[in-house]
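Hello,

Here is the structure I promised to pass on to you. Please open it first, and then read my notes below alongside it.

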Amino acid sequence: MALELFAHPFSSYSQKVLIALYENATPFEFRMLDEQHADNVALLQSHWQIGKFPLLLDDGQPVIESTVIIEYLSRNYPGTISLLPDAAESLMEVRLLDRVFDTYVMTPMQAIVSNALRPEEDRSEPIVYSARDLLDKAYSWLDRRIAGRSWAAGDTFTLADCAAAPSLFYADWVHNISSGYQALRTYRTRLLARPSVKRAVDDARPYRQFFPPGAPDRD
């Protein structure tokens, strides 16, 4: 098998890449990263000393960072779903939204999760307050930006939606997307109904008990 993905099903950035792979039914070997698969962890670190995942191997050649992986797949393993539009202006919108979801939704969501992982005496309310404030600002901006669109950047499913799905899925768990952001709430629901996203969510169900703040009984 040429393509190997080193990842974990419950990881948000792993899901981002898995959604792209599922969209085009791209064949790959899943390399689980956990304590029971120490050989996969060691191999990951041999290619990427920082040790972050996901990581893609293509015939032994590493590709790192989720956005780069998806762009690599789009160029080298294209399928029927084009996740990167050809038009320069459309591509700029896709890349902008990809960065917004990663930086201003995924990052503050992970800050809240990371804080919950700390011993209770080491937790920081200012970190949580700041993360929630940033999420509110991101929700407000996104609600206006995507209003009237079927998908994040327009009428077609793209890289931006691969980023949006795990970002909004987990962010809503830690900081509810209020009813005031109806366009964003509707978009999240639409994402979760997409077969590729649904598959990624279902793959991760066995690990929900490990979500530090506690996974809600929904989705």
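Let me start with the largest pocket: its lining divides into 15 nonpolar, eight polar and five charged residues. In this classification Ala, Val, Leu, Ile, Met, Phe, Trp, Tyr, Cys and Pro are nonpolar, Asp, Glu, Lys and Arg are charged, and the others, Gly among them, are polar. The pocket holds about 880 Å³ of space. Of its 28 lining residues, Ser11, Ser12, Tyr13, Phe53 and Gln110 are the closest to the centre. H4 gives the largest share of the lining, seven residues, while H1, H3 and H4 each supply at least two.

A word on provenance: this is a predicted model, in which local features need pLDDT of at least 70 and side-chain atom pairs count only at pLDDT 80 or more, whereas totals for chains, interfaces and linings use all residues. Residues are numbered from 1 along each chain as its sequence is written, and side-chain values use heavy atoms, with hydrogens and water left out.

As for the terms, pockets and cavities come from a 1 Å grid over the protein atoms alone: a cavity is a set of points where a 1.4 Å probe fits but cannot get out, a pocket is an open set with protein on both sides within 12 Å along at least five of seven lines, and lining residues have an atom within 4 Å of a point. Grid points are joined across faces, edges and corners, and a volume is the space filled by probe spheres set on the points. Helices (H or I, at least four residues) and strands (E, at least two) are DSSP runs, numbered from the N terminus.

The largest has about 50 Å³ of space, and its lining is made up of Ala20, Leu21, Asn24, Thr26, Ile70, Leu73, Ser74, Tyr77 and Leu83. Helix H1 (12-23) and H3 are the elements that give two or more residues to this lining, and H3 provides the largest share, three residues. By class, the lining of the largest cavity has six nonpolar, three polar and no charged residues.

The second largest cavity has about 30 Å³. Around it are Gln15, Ile19, Ala165, Pro166, Phe169, Leu192, Val197, Ala200 and Val201, with H1, helix H6 (159-174) and helix H8 (195-204) each supplying at least two residues. Eight of the lining residues are nonpolar, one is polar and none is charged.

Ser66, Thr67, Glu71 and Arg75 of H3 meet Arg95, Asp98, Arg99 and Asp102 of H4, contact meaning heavy atoms within 4.5 Å. This contact has no nonpolar, two polar and six charged residues.

Finally, the sheet: it is open, with four strands in the order S2-S1-S3-S4 and mixed pairing. Strands S2 (29-32) and S4 (61-64) are at the edges with a single partner strand each, so one side of each has no neighbour in the sheet. Strand S1 (residues 3-7) pairs with S2 in the parallel sense over four bridges, where pairing requires at least two DSSP bridges.

Best wishes
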